[in-house]
Structures are given as C-alpha cells and as structure tokens.
Amino acid sequence: MEFFQAIFNMSAASFAQHMVNGISLGSLYAMIAIGYTMVYGILLMINFAHGDIVMMACYFAFFGITVFQIPWYLTFVGVIIATALLGVVIERTAYRPLRDAPKNSVLISAIGASFLLENLANYLFSGRPLRFPNIELLSQNIAIAGVQVQAISLVIPVVTMLCLVVLLHIVNHTKIGMSMRAVSKDYEIARVMGINIDNVISITFAIGSILAAIGAIMWGIRYPGITPLLGVMPGLKCFIAAVIGGIGNIKGAVLGGFILGLGEILIVAFFPQLSGYRDAFAFIVLIIILFYKPTGLLGEKTTEKV
Amino acid sequence: MTILRTDGITMRFGGVVAVNNLQIEINEHEIVALIGPNGAGKTTAFNMITGVYTPTSGNVIYTDAAGNDVQITGKKPSAIAKLGIARTFQNIRLFKELSVYENVMIAKHLHLKSDFMSAALHLPHYNAEQRQAEAEVEELLKKVNLWDLREEKAFSLPYGQQRHLEIVRALATKPKLLLLDEPAAGMNPKETDELTEFISQIRDEYNLTIFMIEHHMDLVMGISDRIYVLDFGQTIASGTPLEIQNNERVIAAYLGVEEDA
Amino acid sequence: MANKKNLILTILLLIGCFALAWYVNFETDSYIRRVVNLCMVYAIIGLSMNLTNGFTGQFSLGQAGFMAIGAYVVGIFTVPVALRPAVFYAAPMNPLIADIYMPLWLALIVGGLLAALVAFLIGTPVLRLRGDYLAVATLGFSEIIRIVITNAQTITNGALGIKDIPPLNDVRYIFVFTAVIFIFITALINSSYGRAFKAIREDEIAAEAMGIDLFKHKCLAFMISAFFAGIGGGLYGALLGTVDPKNFLFTLTYNFLLIIVLGGMGSITGSMIGAVLVTAGLEFLRVFDEPLDLFGMAIPLFRPGFRMVIFSVLLMVLVLFWRHGIMGTREFTWDKFIAFCKNPFGFFGRKGARKA
C-alpha cells in the first residue's frame, strides 16, 4: 500500500527524472557487467579486478585532462587504450600462469590483483577523493518538457546501446566472435580444433576493459568523486547483475544491469527512508532471483558431466 | 523380489533424448549388466537412478531394507545413498588428495548418528561408533590388499588399485544395491579376470545386488544373470547372456563393433 | 604408545605456551603485548576462515562481517550501563537493550552465535549455488553489515562507533580462547565431520554419492566458521577498546586470506604459523609506512600506502608461485618434528625419496 501511495504522491516530472537516473545508472552497470559475464563465460572465473579497472580508468582520465591538460576527446581515446592494455596485462600476469591451477587459486589471484590495484591507486594517487574533470558539454543541465536532466544522463543509454550493438555484432558475426563462443562452449574442444585460446582470452579481456573504460568515463562525468575504492561496490553489483541475468550471457548482463540500476534508484525515490540501505538492494535481488531461477533470468541450464 | 524398478524414465538435454522410456527391473541378489555402444545413455541412466540427474519423466522405485517401495525419483544423491544404493564412476572419482584410509572412512559418515559437537568433543558414544567404523574399514581394506597402503594418497595408487578402492569405498556405505560404471575400463585381461572374481565374491559375501555398465564382454557374459542392451537411449534387448549373444539387433548395433571397444 | 607420547608432548607445549603468555603478560611492554594479542586473535579468525575455505573448499570472504557482528555485540553489551548515555550521546540507546549488561565471555559467545545465525541466513540461499558465487555474496554481505551498523544508530551508535569498551589486554585470557578454539577445530577436523568436509572439497559429486548431504555440511562448516569469526571479532573489539564501522572494511578479510594462503589452505597448524608471520610481517612492514592508528588495520586512506602495496604483491606472488603455502594440506606432527630434529639435513630428502 505504501508503495502505491508513494507513486501517487510523486509528480510526473519527478517520476520522469527518476526514470532517467535509473536508466542511466542501469546502462553504466550494464557496461561493466558485460566484462564480468564475458570473462566468466570463457574462463569460469570471477575477474575480481574488473571493478578496479573501472577505477583506474577514472584516474587515467583525471590525469589526462586535469594534470596533463590533454583535450578531453583525445584523453578518452587514450584512456580506452590504456585500460584495455591494463586488462590484458592483468590477465597475462595474474591469471594466465594459473590456467591449470585449482579454481580457488585463480580466485585468490584475482582478489590479489584487485587489492593491488586499490592499494596502488591509494599509494600513487593518494586516498583523498579527486574530482573527475568537468566537461561542460556533457555535464550541463538541459530541460526537456520541464524535466531537468544532465546531458550525460541522456548520452549514457545511447552510448551503451551503440556499444551493445557493436559487441553483439562482433560476438555473433565475426571470426573472433565465433572463437569466443566456441571457447566458452567447450574449452578443451576449442583448443583441439586449433583455436588459439590465449589470443581469444586476451581479446575477451581487452573488450571487457574497453567497455569498462567507456563506462568509467561516463561514470566519472555522472558521479565525479574518484577514490581508490570507487570500483568495489559497482564491481560487486555488476557481477551480481551478470549473475541474475544468467552468467555468460551478454544480453543477460545488460538486463541484470538495468534491473539493478532502475531498482536501486526507484527504491530510493519511493522510500527515501531506505536510502541508507541502497547498496543492499542488489544482494537481495540476487538471493531472490537465484532462489527461483538458479541459472539467472536468461541463463541456460548446464549439467556437469559425471 | 524386485529391488529396483525404473518406470519409463526419460532424460532430455535440450533437444537431445539421452535416455528414452527406460524400463528396467532388477531382482535381489542378481548381477545385471547394462551394455550398449558409447553414447547410448548408460551413464545417464545411472545418473538418474543415483539422483545426479532428475529424469525428465518417469519414476525410479527402490525397495528399501524394510521391504517398502520408495520412490527415489529426483531425491538428492546423498539421500539415495543413505537408502542403500552406492555407486562407482566411469572416470574414477576418488578423493584424490586424501589417504586411502580416509577415502573409505568417509563412506562411513552416512551411518554416523552423533552430531558434530559429540564428534568434535570425541564423546564416548561417538568414539564407539568410530571404533566400529574403523574395524569395518580395516576389514574391507585388507580384503583388497590396500591395508598396507592405507596412508598413501589415493591418486598415487596404480590405476587398477584405484578402481578397487572405489568399489571398496562404495561397499563401505553398506549398500544393498551397488552400481558399477565400467569397473573394468582400462584393465588388462588378467586384471579383468580378477575383477570378475572379486565382483561375484562381494555379491555373495555382502548379499548385494549388482547393476553394472561394462564393455568387456568376457566379464559381462561371465557373471551377469541378465543383460539390458541400450542403443540411442532405447532398450533394444534384454535377457540372459545367451539370449543376448544370439540377438540379431544386438549383434547389429553392438557386438558387431566389439573389436574396437 | 606413540599416541600417548604425542599427547604428552602436546600438553607440554600448551603448558609452555601458557607460561609464555603469562610471561608476556607481566614482563613485556604494552606494544609487545598488543602484537601478541593481535596475533592470537588473527589466528582464531584465520582458523575459522580455513574451516570453510581450506577444509570444505567453499570460498567465503565474509570474515570481516562476522567479526563486526561479534565486535559489536561485545561493544553494545559490555560497556557499563552508567557510561552508555555518554557513549550514545547523539541518539540514546534503544531502551530494549539499554540496561542489558553482559560479562565479556558471555558477550563473546552471544556474538559468535549471532554470527552463526547470520551465516545460516546467507548460507541457505547461496550455498546451494555454484561455489564461487559464495565469494561475492559474502563479500557483499560484509559490506552490508557495515551499512546496517552505520544506519542502526540507536543500537550501534552508527558511524560514531562505540567507545569505552572495557579494554582487554590480558594475554592469558585471549590465550585460553585461542587454545580452546584451536583444540576444538583440530578435533573437529579429525572427526568424521572433518573428513566429510574434506570430501566435499575434493569432489562434491563423489561426496554426495557417498551419502554426504552437501548443503547440510557446507552450511555446518560455514556456521561454525562464522561462530569463531564472531568470537574472534569480539576479542578484537575488546582489544581495540572501541569499535566503529570503518574497522571492518572488507579489506580486513584479506589479512586472513593471506594467513591461510601463506600457512596452507587446509592446514590448522599452517594457519597458526601464517597468523604469526602475517601479524609480525604487517608490523615489520610498518617501516615502509607512516605510523597508523588501530594497529594498521584500516586502509591507510590518508597516508602513503606502500605497506599495503607490498602486502597485496605478496598475496599475488604467493598464489602465483607458491600456492600450497608453507604447510599445504599437511599438519605439524610430533613424529615428523622428531625426525626433523634427529636429522635436519636428511629430512626433506628422505621425504622426497619416499614419494618417488
């Protein structure tokens, strides 16, 4: 009842405002969740460092624009390249040597990589929050039909959709995409079939990191505080988004991202008294969805070979 | 008297029908073999009986120690093991990093009545249970000449002994029905003969019923009371070894390619 | 006979350790006392984490959260009733608990039980799923616990934290807890339940086929682990004399992860060794850093964090190049120790020869 009352009490304009916020947060989650789902689909591991890659990308952008005074559009290209490299380097140093090791060892290595990035950022860039460079064009407020929104909030969903279209094209209609699907279906058979597994994995990490970088830039413009632990909560939530969408499934990750982003914003909008518990929302959704559909919303049922 | 009956069990994976409408009946104290070419759905049938998979349709009915018919379809593997069905696996699944002794002791856990507090505090009634389990495990390990190797890690045993250890581990759960998934896989003729001997020996000694998947025809024909033949998920024949050997369909589907099995 | 000898040696060792604890308690300065106390608390929590992660093979990262529960129960109930209005100056304490006082030992046990209850609530949905989801769910939970603590102002005093917890710095008190927990976990691991846990770690499908109810045993291990982490957290809170949500960041859990990886996942004595080395190591690494408050627990947010960089590099190097750690899944035994003492040089060679 309270819920409906809350809806009735809300004006159309503020409802639209919340929807825009929710969709843009959902898009950001989706961008990051794709990286988790692709890596899990192929290596069956949680890339714990993915959230911290987002954090590093924010620092890269800060240094490019604020410290080195490079024009923002050039910086963004540089950030994307640097982040992709970072992702590939992490894979090569922290995960590749453990390809045949027990799963828990890889998980520990991933945690180590994540913790190292956090501590490095803290050490190199200080723990003090920095401000993401202000880009007037994207951060200005614009009014549409009486609703005030930041330009970036409209840009985010558009960029996300573009990225998704390109990504799905790569995965479904290119040779490398086919290799990726083959590796994620059956690692051993793909290897026997002559697919260069290491290459496929590197490219997967590069793609995931590129999306993370684009997401990070948009994140930074939308939520400008940068700290070394900035990637942790979004990272956890985005992994959860990937799980509730069905791990390994790109569209599922996007769906999961939107569910969490919209849900989080709307809960806080309708129940301001719960705003302190906002970060708990994702975990509750995780538990509820997995309880009813353990493979996630769009996940296929897999059976272990006995 | 029947101990296990499958009532038209079917297993579909996506569009693939791995096992179709399987009807099997196993009587107490029998040795029944399930044969068929690779990919015929034999292991899938085992997995449905032991609860690893839940059949898409159909029922598995087991007659428990008290003589009651129990529907075990879709029960947890651990619950089915407790009812008295034990199994081995096609690709040996020992607890590799644990000792031979621990491997078999683990199988005694399901009979343990003490809770974890009494176990951790080693209270007298827990100790009594353990002493009995230890005695039984010692007897079993001595039977397969693994007692002297009890401190070795399971993975360090030679292949043939790993197979024996897996069977002994299953026996330690005190089953009424023992499912063996290709017990002689990878064994040479001499080892296969020993195994044949061993299987009939444990059947008599522990009053077991045995249901096994096997490719070695000497073994199958030598000790089976009855045989079911599976091909493409369907039962294509069943009967005594003699009947099966002379069955046209079986020869066409299976025995004809026996050379490379 | 051999068993009796080993038992006597173990009892002698425990008495020796207790005598050492006594000595440390009265004859050393407060810094040494603090490090020794911390070392023992870390050992308790390392052991608790090893029970799930090392022995049962379920990767949980919730230790900081369970510690927070234990520490807050100690914080809330052991502060003398008279001092509470001063501690809860921003918002008065909820009248339901405002007058409840517990001695430390009782608060520790209540905290442990509460942590176990919470573990049950998280474990019920999550432990049925693929193993590695547990890592994310528990990590998330340990952050949520902090959120809850921060928001439950009238119970936990929110972000202000609880001060004036009667300080605990009796080394002997913590030693007794550590010894009892060590003995309990050793006995549990060497019981039928311990073997069932290890079976689950080795092969879940085979364990299930042997009649081990996976969910029940995973949940049991997880709850026992949480119980001891709660007690460890309670001791930690009492040691600090003050608790606040920032003490229990998820990164605190990584200390224990390092302990069990270094000592060996699946080795009780390994965890003890790991706890000593990591605690001492963290103290030693302080050289690379500016002094921190709170014994270097909190992330050095406003300080050069070189120490933690080294810490995380160590964790990675360890798992990349030496993933079995010091003990692997082996345990310290008197027989091996005596063999080592008799022939220190031949010891490793002989073992290698036996393996071949």
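**Chain contacts, a helix pair and a mixed sheet**

Where chain A meets chain C, the contact draws on 36 residues from chain A and 35 residues from chain C, two residues being in contact if their C-beta atoms, placed from the backbone, lie within 7 Å. This is a predicted model, in which local features need pLDDT of at least 70 and side-chain atom pairs count only at pLDDT 80 or more, while totals for chains, interfaces and linings use all residues. Residues are numbered from 1 along each chain as its sequence is written, and chains are lettered from A and ligands numbered from 1 in the order in which they are written.

On the side of chain A that touches chain C, α5 (103-125), α11 (232-245) and α13 (281-292) of chain A each supply at least two residues. Helices (H or I, at least four residues) and strands (E, at least two) are DSSP runs, numbered from the N terminus. The largest share of this side, 15 residues, comes from α5(A). By class, the side of chain A that touches chain C has 26 nonpolar, eight polar and two charged residues; here Ala, Val, Leu, Ile, Met, Phe, Trp, Tyr, Cys and Pro count as nonpolar, Asp, Glu, Lys and Arg as charged, and the others, Gly among them, as polar.

Helix α11(A) also packs against α12 (residues 250-270) of chain A, at an angle of about 120° and with the axes 7 Å apart. Axes are lines fitted to C-alpha atoms, for helices over the stretch in contact, and angles run from 0 to 180 degrees between N-to-C directions. That makes α11(A) oblique to α12(A), since angles under 35 degrees count as roughly parallel, over 145 as roughly antiparallel, 65 to 115 as roughly perpendicular and the rest as oblique. Residues in this contact include Lys237(A) and Ile240(A) of α11(A), and Gly252(A) and Leu255(A) of α12(A). By class, the contact of α11(A) with α12(A) has nine nonpolar, four polar and one charged residues.

Turning to chain B, six strands form an open sheet of mixed pairing, in the order β6-β7-β8-β3-β9-β10; two strands pair if DSSP finds at least two bridges between them. At the edges stand β6 (85-87) and β10 (234-239) of chain B, each with a single partner strand, so one side of each is left without a neighbour in the sheet. Neighbouring strands of this sheet are turned by 20° against each other on average, direction ignored. The pairing of β6(B) with β7(B) (residues 177-181) is parallel, over three bridges, and Arg87(B) has Leu179(B) of β7(B) as its bridge partner.
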